[in-house]
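Welcome, and thanks for opening your viewer. Let's take a short walk from the whole chain down to a single side chain.

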Amino acid sequence: LVSGFPPKFVGVCIVGIGISGVISNCIGIITQAALSETYTGENTQSKIFYSVAGGVIVVTAVALAFFKFNNFALRHVPEYRDAAVVRSQRELVKEGPSTNNPTETSPLQGVL
């Protein structure tokens, strides 16, 4: 998804992947140290760990859903750019040709 971004942003994503690995291991270590090693303690550990992981996944999915409306993403992610063109063309078909302006504008005029 980020391969089309400038190198600065790709580097930030790579660093973010490393940081997320460190954070998830820290959460695992903290829950393991805080709770006992009985069946109930380990059950609670797993519930905490996977609840936090599930929450992160939900937040990421919501962010990704809104990502396709971001102008920066529309410029750099080909899939989103193509979808924006198709969406703009559908709107042009619904509205019909403009009578005030005889020249048609680019579907991505406001984006690029």
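Predicted model: local features only at pLDDT ≥ 70, side-chain atom pairs only at ≥ 80, totals over all residues.

Residues are numbered from 1 along each chain as its sequence is written, and side-chain values use heavy atoms, with hydrogens and water left out.

Next, select residues 7-34, helix H1, and residues 39-67, helix H2. They pack at an angle of about 155°, with axes 9 Å apart; axes are lines fitted to C-alpha atoms, for helices over the stretch in contact, and angles run from 0 to 180 degrees between N-to-C directions. H1 and H2 are therefore roughly antiparallel (over 145 degrees).

Now show side chains where the two helices meet. On H1, pick Ser 24, Ile 27, Gly 28, Thr 31 and Gln 32; on H2, their partners are Gln 45, Ile 48, Phe 49 and Val 52 (contact means heavy atoms within 4.5 Å).

Finally, zoom in on Thr 31 in helix H1. Is Thr 31 buried or exposed? Its relative accessibility is 10%, so Thr 31 counts as buried (under 20% relative accessible area, with exposed over 50% and partly exposed in between; 1.4 Å probe, protein chains only). Leaving out residues up to four places away in sequence, Thr 31 touches Gln 45 and Ile 48.

Notes
Helix = DSSP H or I, 4+ residues; strand = E, 2+ residues; numbered from the N terminus. Parallel < 35°, antiparallel > 145°, perpendicular 65-115°, else oblique.
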